[in-house]
Structure formats: structure tokens, C-alpha cells
Amino acid sequence: MKVKVSRKAHFNAAHRLYRKDWSDKKNDAVFGKCNNPNFHGHNYELIVSIFGEIDPETGFVMDMKVLKDLIAHEIEDALDHKNLNLEVPEFAALNPTAENIAVVIWHKLRPHIDDKNTLEVQLYETPRNFVTFKG
Ligand code: NI
């Protein structure tokens, strides 16, 4: 019997969406306010979900204490209160859109999750805009 378990987390980060190879006009047209050269912040809400069989011994799909610590060390320490463009190596040459941030988070967590289980990352950039990546 497979069950999905989820843990919510939160981080604040600054970013700017733009392409160096595009004109200012095109960057403005595509990225709007998110192209502000002085950066701007978001309060990101993260939901990490693990989908898998219930362990008959523990009754858990995954120990939530372990998942909590994993998110704290791998994600919050790396992203919280950071300028994503300038301070997070994964975004040195990758636009820090919600889509790309969700994929980066998935890759940071995946090696630490049991191979048998599915990992899903949902990232809210605003209360109304969110993306989901399942790998
Ligand atoms: Ni933005």
C-alpha cells in the first residue's frame, strides 16, 4: 500500500530573472518586475513529498524527523536569506525561476531519499503561483 507523506518548509531569497544575451527591452517584456536589476525577494513555501510503501515495522513511509533535518541541511542552509543569482552556484548560469529552483531542490534531495520512493517538490513563489516537479 503506497502513501504520500509531505513536509512543509519555508525560505526567503532574492533573485533576478534575465538573460545577458537579450536586450533590456526583451528582458523587460518577458520577465517584467522580476527583471529588476537590484533584485527582489520572495517568501518561498516548499512542500516536499515522498511517495512509497509503508514500512511494516515502523508504520512510516519515511521518518519525518529525518526528512525535516534533510530539508534544513540541504535546502534551507543553501537557499535561505541568499541572493540566488549571486550566492548559489547552481544559478550562476541558470535563471532562478520557480521551475528551475524546484528542479535544483529535487536534485539536492534525491540522493538522500530511498530509491524505492518517489520524490515530489512543490514550490510556491507567491501564495497563488506554484510549480511541481516529480523527477
Ligand atoms: Ni520574482
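**Close-up views of a predicted chain**

**Figure 1. The whole chain.** From the N terminus on, the elements run β-α-β-α-β-α-α-β-β. That comes to 4 helices and 5 strands. Helices (H or I, at least four residues) and strands (E, at least two) are DSSP runs, numbered from the N terminus. This is a predicted model, where local features need pLDDT of at least 70, side-chain atom pairs count only at pLDDT 80 or more, and totals for chains, interfaces and linings use all residues. Residues are numbered from 1 along each chain as its sequence is written, and side-chain values use heavy atoms, with hydrogens and water left out. The C-alpha trace spans about 60 × 25 × 25 Å along its principal axes. Of the 135 residues in the chain, 39% are buried. Buried means under 20% relative accessible area, exposed over 50%, and partly exposed in between (1.4 Å probe, protein chains only).

**Figure 2. The nickel site.** Four protein donors hold places around the nickel ion: His15 (NE2), Cys34 (SG), His40 (NE2) and His42 (NE2). They lie 2.1 to 2.3 Å from the ion. Donors are N, O and S atoms within 2.8 Å of the metal (3.2 Å for Na, K and Ca); water is not among the atoms, so sites may look incomplete. Along the chain the donors follow the spacing H-x18-C-x5-H-x1-H. Cys34 and His42 are buried. The 4 donor atoms subtend angles of 91 to 142 degrees, so the arrangement is irregular. Four donors count as tetrahedral if all angles lie between 85 and 135 degrees; four count as square planar and six as octahedral if opposite donors are over 155 degrees apart and all others between 65 and 115; anything else is irregular.

**Figure 3. Strand E4 and its partners.** Strand E4 covers residues 118-124. It is mostly covered, with 5 of its 7 residues buried. Strand E2 (residues 40-53) runs antiparallel to E4, and 7 bridges join them. Here Phe51 stands opposite Thr118. Strand E5 (residues 130-133) also runs antiparallel to E4, with 4 bridges. Leu123 stands opposite Val131 in E5. E4 and E5 form a hairpin, with 5 residues between them. Two strands pair if DSSP finds at least two bridges between them.

**Figure 4. Aromatic rings.** The chain has 4 aromatic pairs. Rings of Phe, Tyr and Trp (its six-membered ring) pair if their centres lie within 6.5 Å; planes under 30 degrees apart count as stacked, over 60 as edge-to-face and the rest as tilted. Trp22 and Phe31 are stacked, because their ring centres are 5.7 Å apart and their planes are at 20 degrees. Trp22 is partly exposed at 24% relative accessible area, whereas Phe31 is buried at 17%. Tyr124 and Phe130 are stacked too, 4.4 Å centre to centre with 15 degrees between the planes. Phe130 is partly exposed, at 42%.

**Figure 5. Charges over rings.** Lys26 lies over the face of Trp22, at 4.3 Å from the ring centre. The charged end of Arg16 sits over the ring of Tyr18, 3.8 Å from its centre. A charge sits over a ring if NZ of Lys or CZ of Arg is within 6 Å of the ring centre and within 35 degrees of the ring normal.

**Figure 6. Lys82 and its contacts.** Lys82 is in strand E3 (residues 82-83). Lys82 is partly exposed, at 25% relative accessible area. Leaving aside neighbours within four places in sequence, its contacts are Asn12, Ala13, Ala14, Asp77, Glu87 and Val88. Contact means heavy atoms within 4.5 Å.
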